[in-house]
Amino acid sequence: EYHRSTSSSVASERALWEVYYVPFEAAIAAGAPSVMCAYNRVNGSHACGNSLLLTRDLRERMGFEGWVMSDWWGVHDTKAAEGGVDQDMPGNDGYFDTHKLLQLR
């Protein structure tokens, strides 16, 4: 729990696929409708909003069609919506306010 909002886990693409993505692939195969992104950074970028993790790998390569929800207070910027987050929890931090999301267009 210490430094979960500031630490960065460094992992090669091979390690991501061989170790860390295996449970996500199993969940997708089992029909999971949603996944939750984490507080920490992965390879320097916040997991919630990291388009390489959430868009390229999760949605495009693994074929996930569900929605991505942040862990509580896991979103750090409105641009997380562009990076693949669909729901900001608990939702009262202002990042996904309508006027801010419309500014991304």
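This is a predicted model: local features need pLDDT of at least 70, side-chain atom pairs count only at pLDDT 80 or more; totals for chains, interfaces and linings use all residues.

Visitor: Which residue forms a salt bridge with Arg-14?

Guide: The partner is Glu-18, and the closest N and O atoms of the two are 2.9 Å apart. Both Arg-14 and Glu-18 belong to helix H1, residues 13-20. They are 4 residues apart, which is about one turn of the helix.

Visitor: How many salt bridges does the count come to?

Guide: The count comes to 5 salt bridges. One of them joins the side chains of Asp-57 and Arg-61, at 3.3 Å from N to O.

Visitor: Where do Asp-57 and Arg-61 lie?

Guide: They lie in helix H3, residues 51-61. Asp-57 and Arg-61 are 4 residues apart there, so about one helical turn separates them.

Visitor: And Asp-57, is that buried or exposed?

Guide: Asp-57 counts as buried, at 0% relative accessibility. Arg-61, by contrast, is partly exposed, with a relative accessible area of 44%.

Visitor: Which residue forms a salt bridge with Arg-59?

Guide: Arg-59 pairs with Asp-86, the closest N and O atoms being 2.6 Å apart. Arg-59 is in helix H3, whereas Asp-86 is in the loop between E5 and helix H4 (98-103), so this pair ties together parts that are 27 residues apart in sequence. Arg-59 is partly exposed at 21% relative accessibility, and Asp-86 is also partly exposed, at 43%.

Visitor: Which residues do salt bridges with shared partners join into one network?

Guide: The network consists of Glu-13, Arg-56, Asp-57 and Arg-61.

Visitor: Now a charged residue without a salt bridge. What is the nearest side chain of opposite charge to Asp-88?

Guide: That is Lys-100, which is 9.0 Å away. Asp-88 is buried and has no salt bridge. A salt bridge requires the side-chain nitrogen to be within 4 Å of a carboxyl oxygen, so Lys-100, at 9.0 Å, does not qualify as a partner for Asp-88.

Visitor: Where is Asp-88 found, and what is it in contact with?

Guide: Asp-88 is found in the loop between E5 and H4. Leaving aside neighbours within four places in sequence, Asp-88 is in contact with Ser-70, Val-75, Asp-93, Tyr-95 and Phe-96.

Visitor: Changing topic: how many disulfides does a search of the whole structure find?

Guide: The search finds 1 disulfide. It joins Cys-37 to Cys-48, with an S to S distance of 2.0 Å. The link of Cys-37 and Cys-48 is right-handed, with 105 degrees about the S-S bond.

Visitor: Which parts does the pair of Cys-37 and Cys-48 tie together?

Guide: Cys-37 is in strand E2 and Cys-48 is in the loop between strand E4 (45-46) and H3, so the pair ties together parts that are 11 residues apart in sequence. Cys-37 and Cys-48 are both buried.

Visitor: Which residues make up the covered face of strand E2?

Guide: In strand E2, residues 34-37, the covered face holds Val-35 and Cys-37. The uncovered face holds Ser-34 and Met-36.

Visitor: E2 and E5: do they run parallel or antiparallel?

Guide: They run parallel, and 4 bridges join E2 to strand E5, residues 67-70. Within E5, Trp-67 is the bridge partner of Ser-34.

Visitor: What is the order of the strands in the open sheet?

Guide: The 3 strands are in the order E1-E3-E4, with mixed pairing. Strand E1 (8-9) and E4 stand at the edges with a single partner strand each, so one side of each is left without a neighbour in the sheet. Strand E3, residues 41-42, and E4 run antiparallel and are joined by 2 bridges. The bridge partner of Arg-41 in E4 is His-46.

Visitor: Finally, the rings. How many aromatic pairs are counted?

Guide: The count comes to 1 aromatic pair. The ring centres of Trp-17 and Tyr-21 are 4.7 Å apart and the planes are at 90 degrees, so the pair is edge-to-face.

Visitor: Is Tyr-21 buried or exposed?

Guide: Tyr-21 counts as buried at 7% relative accessibility, while Trp-17 is partly exposed, with a relative accessible area of 22%.

Terms used
Residues are numbered from 1 along each chain as its sequence is written. Side-chain values use heavy atoms; hydrogens and water are left out. Buried means under 20% relative accessible area, exposed over 50%, partly exposed in between (1.4 Å probe, protein chains only). Two strands pair if DSSP finds at least two bridges between them. Rings of Phe, Tyr and Trp (its six-membered ring) pair if their centres lie within 6.5 Å; planes under 30 degrees apart count as stacked, over 60 as edge-to-face and the rest as tilted. A disulfide is a pair of cysteine sulfur atoms within 2.5 Å. Lys and Arg count as positive and Asp and Glu as negative; His and the chain ends are not counted. Contact means heavy atoms within 4.5 Å.
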